[in-house]
Amino acid sequence: MGIKQELERFAGQVGFTLAYLDETTSTNDVARDPRYDAGAVVIAERQSRGRGQCGNSWSSSAGANLTFSVVLCPGFLEAAQQFYLSKAVSLAVCDTVESFDVRPQVKWPNDIYIDGRKVAGILIENDLAGNFLSRSVVGIGINVNQTEFDPALPNPTSLAVAAGRKLDRAEVFRLFYEKMSFRYGQLQQQRYAAMDTDYAARLYRLGETHSFVDGRTKVRFEGTICGVLPTGELEVRHRDGQMHRYLFKEIEYTITGIG
């Protein structure tokens, strides 16, 4: 049985809508169609215009990895707390990776790393209704079985590389869907303290001093990541002891090779 048939059977058992495509521009583009309701998944073997955060591209070998979007309707979540949705998704991906005896980390705000290398990326596009989220399209790319990468990419890896064996992509997806259901439940129950603890335990370079670049001034500096605020801002203490807060694109990690 192929992965399409396996996932169609899984969707039927769990009770969610699944669209499995050979190729599309971007699964997030397709999933924005209102016919896809809460829990629906759009998965594609190849994306011609896969997107990352803020217009970055996502490159993936067809038939080797998982590129998909999940539709959520978190009408209970205030817009000011939307970073908790990002935390829930990041933790679900980490939980999935950990199922294969591999230790993942969250590189703020939207990448999952293994040993300093990127194994997964996340792109969340939210719609608002007043002060609350109404509909969210969660795009995820996980490198599963790819072992050769574009040399232009600075630090890619895959689950297969990290685990030392080829993996069943359908199993990886099923695990993710189960882990995401658990983390989404935490979000619904407002178990923010538990999510904060789990997220901090996986935060890449937390408490370590590294070189960064200010995304606004392009000035290089040394700092220590101290945490992430509920609003999603990264807290970094500079060498002079001053604490600074950064939104995405306001700070750049200096990562070359294995970071």
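What share of the contacts in the protein chain with a separation of 6 or more comes from residues 24 or more positions apart? The share is 59%, where contact means heavy atoms within 4.5 Å. This is a predicted model, in which local features need pLDDT of at least 70, side-chain atom pairs count only at pLDDT 80 or more, and totals for chains, interfaces and linings use all residues. Residues are numbered from 1 along each chain as its sequence is written, and side-chain values use heavy atoms, without hydrogens and water.

Start with the overall fold. The protein chain has six helices and twelve strands; these are DSSP runs numbered from the N terminus, helices being H or I with at least four residues and strands E with at least two. Buried residues (under 20% relative accessible area, 1.4 Å probe, protein chains only) make up 53% of the 259 residues.

Now go inside. The largest nonpolar core has 66 residues. Such a core is a set of buried Ala, Val, Leu, Ile, Met, Phe, Trp, Tyr and Cys residues joined through side-chain atoms within 4.5 Å. Val41, Leu66, Phe68, Trp108, Ile140, Leu159 and Phe173 touch the most other members. The largest share of this core, ten residues, comes from α3. Apart from it lies another core of eight residues, including Val30 and Val137.

Helix α3 spans residues 83–98. Of its 16 residues, 15 are buried.

Finally, look at strand β4, residues 104–107, which holds Gln105. Gln105 is buried, at 15% relative accessible area. Among the residues that Gln105 touches are Cys94, Asp111 and Arg202.

Key: Buried < 20%, exposed > 50% of the residue type's maximum accessible area, 1.4 Å probe, protein only. Expected span 1.5 Å × (residues − 1). Lists of a residue's contacts leave out its neighbours within four places in sequence.
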